[in-house]
Amino acid sequence: MKLLIVSNAPIIYKNEKAFAYSPYVKELIVWEKYADIIFCCPIWKKDNGLLIAEIPFKIKEHFELFDTNLKSIKEIVTAFFLSFSNFFILLKAMNNADHIHLRCPGNIGLLGCIAQIFFPNKKKTAKYAGNWDPKAKQPWSYRLQKWILSNTFLTKNMQVLVYGQWEGSTKNIKPFFTATYSEADKIPAKPLCLKGKIRFVFVGTLVHGKNPLYAIQLVEGLIKKGYEVSLDLHGEGKERELLEAYITFNALEESIVLHGNQNQETVKTAYQNSHFVILPSKSEGWPKAIAEGMFWGCVPVATSVSCVPFMLDNGERGVLLEMNLERDIEQLVAVLESKIFFDSKREKAMDWSRNYTVDVFEAEIKQLLV
């Protein structure tokens, strides 16, 4: 079976080998077990700082799309005209496939949503990796993609994989997840107490949308209240210099450390030794860092966006941030002052996250394709 993957995610070719964004490659490996993958996506000559990994299987066919940006008037005009070429390339690729798989949201995802309408009899899936919340404020192009995908008159023979469960969803919307760890990883979590240093961990890009500064300010607030706490931040991004300056200005160097990008094993060890995983993000699809931290017994501390309330069972499995510094510090103090409260949230978080393993993920993918 030919499985066509339509995506904004580029393929980078180096020395006759193909590379792509590392977490994406891990997922492709699972899909490739059950189908011959062909691609319809842009090609990059360089990785442009993207965290990449080699695609460990041969790409039998690749329909190259023009890569476009919307950062200037000239680029917007160019993108408008190139979208027509991309649309016809998509139609050709879809006609050549047995199963069409869209990766949304994105500019190419939008074109794919429109193009798939012309193939009502072909089996299709779409993975919407953004926030599916119908009430979320999003760009019009995102809202349009969600409308097309959930419109069962326009979109036929398709299962749409979304993060979380949403009331009023059409019959083709299927709650889904992303997994990092396997059944074999389900070893007992490290025992932790609330005496001595209490560790927080942040894993993510250091950008405004992920709000790492708020994570630092929360921990700073706890320090001012006399708690022995620390924060380790794993990741890189545009806000690194701003964060370094804030840490230095407020003399937080002994408690807050920026580690930069780290490999999966280092991050895993950080989760295993931390009491809390924190992500005060402004928008998420499936917050991978939160799910991973929960797997290893971290109490999750996250904003109430996208499927996070579902993941945290509206606060039963963690702390939902209100993005009011004083109130959020009070929420954390309430957990720190009660070992029973902490242990309850920790156990519930770990039990929930360990339902979503790579093994379960693979079984779900197989079911979609067979």
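Reader: Where is the place of N314?

Author: This is a predicted model, in which local features need pLDDT of at least 70 and side-chain atom pairs count only at pLDDT 80 or more, while totals for chains, interfaces and linings use all residues. Residues are numbered from 1 along each chain as its sequence is written, and side-chain values use heavy atoms, with hydrogens and water left out. Helices (H or I, at least four residues) and strands (E, at least two) are DSSP runs, numbered from the N terminus. N314 sits in the loop between helix 9 (308-311) and strand 17 (319-321).

Reader: What is the phi of N314?

Author: Most residues other than glycine have a negative phi. N314 is a residue other than glycine with a positive phi, near 55°. M323, in the loop between strand 17 and helix 10 (325-336), also has a positive value, near 60°.

Reader: Is N314 buried or exposed?

Author: Buried means under 20% relative accessible area, exposed over 50%, and partly exposed in between (1.4 Å probe, protein chains only). N314 has 60% relative accessibility, so N314 counts as exposed. M323 has a relative accessible area of 35% and is therefore partly exposed.

Reader: Which residues does the cis peptide bond join?

Author: Most peptide bonds are trans. Here a cis bond joins C104 and P105, with omega about -5°. P105 is in the loop between strand 8 (99-104) and helix 3 (107-115).

Reader: How do I read the two faces of a strand, and which residues of strand 14 are on the covered one?

Author: In a regular strand the side chains alternate between the two faces of the sheet. In strand 14 (residues 256-260), I256, L258 and G260 form the covered face, and V257 and H259 the uncovered one. In strand 13 (residues 229-234) both faces are covered: V229, L231 and L233 are buried on one side, and S230, D232 and H234 on the other.

Reader: Which strands does strand 13 pair with, and how many bridges join them?

Author: Two strands pair if DSSP finds at least two bridges between them. Strand 12 (residues 198-203) runs parallel to strand 13, joined by 6 bridges, and I198 has V229 as its bridge partner. Strands 13 and 14 are also parallel, with 4 bridges; there L233 stands opposite L258.

Reader: Which helices belong to the β-α-β units here?

Author: A crossover is right-handed if, with the strands pointing away from the viewer, the path from the first strand over the helix to the second runs clockwise. Strand 12, helix 5 (residues 212-224) and strand 13 make one right-handed unit. Strand 13, helix 6 (residues 240-249) and strand 14 make another right-handed unit.

Reader: Which residues make the nonpolar surface patch?

Author: Patches are made of residues with over 30% relative accessible area and no salt bridge; like charges are joined within 9 Å, nonpolar side chains (Val, Leu, Ile, Met, Phe, Trp, Tyr) within 5 Å. A salt bridge is a side-chain nitrogen of Lys or Arg within 4 Å of a carboxyl oxygen of Asp or Glu. Accessible areas come from the Shrake-Rupley method with a 1.4 Å probe; for residues, only the protein chains shown count as cover. I73, I76, V77, F80, F81, F84 and F88 make a patch of about 770 Å². F80 lies in helix 2 (residues 73-95) and is partly exposed, with a relative accessible area of 48%.

Reader: How many helices and strands does the protein chain have?

Author: The protein chain has 12 helices and 17 strands. Of its 370 residues, 50% count as buried.
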